[in-house]
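Try each task before reading its solution.

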Amino acid sequence: MAGILIVEDEERISSFVRKGLTANGFAATVVTSGRDALDFALTGDFGLMVLDLGLPDEDGFAVLRRMREMGSELPVIILTARDGVRDTVNGLETGADDYMTKPFRFEELLARIRLRMRSSRDAESTVLRGGGLMLDLRTRRASTGDAGAIDLTAREFALLELLLRHRGQVLSRQQILSAVWGYDYDPESNVVDVYIRALRKKVGAERIATVRGMGYRLVE
């Protein structure tokens, strides 16, 4: 899977996004300056850039403008605290493919990243399968071979998607919290256990295994 270039000067945000992307199967690289962002973007080694506008050496708009002037077609999602209409319009007119404002939820950023990368390569399947389950990312429907369609909440859907994308792999509670609930989650919360129990009732308890002291995994 193509790598993601994260251009972000705030360490807390860049670390959170990088960990979330890594947990979802992406290779993620972080740079903190406009100069490095431009150099890395032009290598051709990345499938998408997540770009903050408030960089220490130059404005993110200038970085994006220079990228486009130099012929780079790398998809760019701007992720910034600037929420004014003028900034949004400027970003899109300068050549950004999408514009998100902080604070944000990781699951939304992840969905936008997948959408842009899918559009750019027209290859990724929209259906996930594993453990007798099927999840259609386009229609947002889940089903099993034995029970048919399953009615899931948005959070249950995101949790099941995460497990399916990492089927057979043990995911810790912290990984799940970061990927599904966002960077403002409470690490002491038992919300993961609550949602795992609810999801087991709908898809079958035998399909989600508890690995004592480590986390959860989808059983193949």
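**Exercise 1.** How much space lies in the largest pocket? Then describe the lining.

*Solution.* The model is predicted.
- Step 1: take the volume. The largest pocket holds about 320 Å³ of space.
- Step 2: find the centre. Among the 16 lining residues, Glu107, Ala111, Arg114, Arg140 and Glu161 are the closest to it.
- Step 3: assign elements. Two or more lining residues come from each of α5 (106-121), α6 (154-165) and α7 (173-181). The most come from α5, which gives 6 residues.
- Step 4: sort by class. The lining has 9 nonpolar, 6 charged and 1 polar residues.
- Step 5: check the domains. Domain 1 (3-117) and domain 2 (127-218) each supply at least three lining residues.

**Exercise 2.** What is the strand order in the open sheet of 4 strands, and which strands stand at the edges?

*Solution.* 
- Step 1: read the order. The strands run β6-β7-β8-β9, with antiparallel pairing.
- Step 2: look for single partners. β6 (127-130) and β9 (148-150) each have a single partner strand, so one side of each lacks a neighbour in the sheet. These two are the edge strands.
- Step 3: On average, neighbouring strands are turned by 25° against each other, direction ignored.

**Exercise 3.** How many bridges join β6 to β7, and what lies across these strands?

*Solution.* 
- Step 1: count. The antiparallel strands β6 and β7 (residues 133-136) are joined by 4 bridges.
- Step 2: pick out a facing pair. Leu128 is opposite Leu135 in β7.
- Step 3: place the helix. α6 lies across β6, β7 and β8 (141-144). Its direction is at about 115° to β7. α6 also gives residues to the pocket lining of Exercise 1.

Technical notes. Residues numbered from 1 in each chain as written. Predicted model: local features only at pLDDT ≥ 70, side-chain atom pairs only at ≥ 80, totals over all residues. Heavy atoms only, no water. 1 Å grid on protein atoms, 1.4 Å probe; cavity = no way out; pocket = protein on both sides within 12 Å on 5 of 7 lines; lining within 4 Å. Points joined across faces, edges and corners; volume = space filled by probe spheres on them. Nonpolar A, V, L, I, M, F, W, Y, C, P; charged D, E, K, R; others polar. Domains from an automatic or database assignment. Pairing = 2+ DSSP bridges. Axes fitted to C-alpha atoms, helices over the stretch in contact; angles between N-to-C directions. Contact = heavy atoms within 4.5 Å.
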